[in-house]
Amino acid sequence: MKIIINGRPREFTQQLSLEQLIDMLKLSPAHVVVELNSEILSADQFSSCLINENDRLEIIQFVGGG
């Protein structure tokens, strides 16, 4: 399955939920904002949202610092 993450093509062997994808990318669900096909998703949608062939995701990670 081919999807686009932050403008870069990625391939996966199986369909994933957004929650699984975030986990595979080693990101914290509490520290990201995800846009799927131009729609911003809330964190409570991550487990029920399935990623499909040719989906486009923008994932923004919050980083603290000073």
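Modeller: Quick term first: a strand is a DSSP run of E, at least two residues, numbered from the N terminus. This is a predicted model, where local features need pLDDT of at least 70, side-chain atom pairs count only at pLDDT 80 or more, and totals for chains, interfaces and linings use all residues. Residues are numbered from 1 along each chain as its sequence is written, and side-chain values use heavy atoms, leaving out hydrogens and water.

Colleague: Which strands does β3 join by bridges?

Modeller: Strand β3 (residues 32-36) has five bridges to β5 (residues 56-61) and three to β4 (residues 39-41). Two strands pair if DSSP finds at least two bridges between them.

Colleague: Parallel or antiparallel, for β3 and β5?

Modeller: Antiparallel, and β3 with β4 is antiparallel too.

Colleague: Which residue is the bridge partner of Glu35 in β5?

Modeller: That's Glu58. Over in β4, Leu36 has Glu39 as its partner.

Colleague: And what does Asn37 do in the hairpin of β3 and β4?

Modeller: Asn37 takes a positive phi near 50°, in a hairpin with two residues between the strands.

Colleague: New topic: how does β1 run with β5, parallel or antiparallel?

Modeller: Parallel: two bridges join β1 (residues 2-5) to β5. Ile5 has Leu57 as its bridge partner there.

Definitions and conventions
Buried < 20%, exposed > 50% of the residue type's maximum accessible area, 1.4 Å probe, protein only. Helix = DSSP H or I, 4+ residues; strand = E, 2+ residues; numbered from the N terminus.
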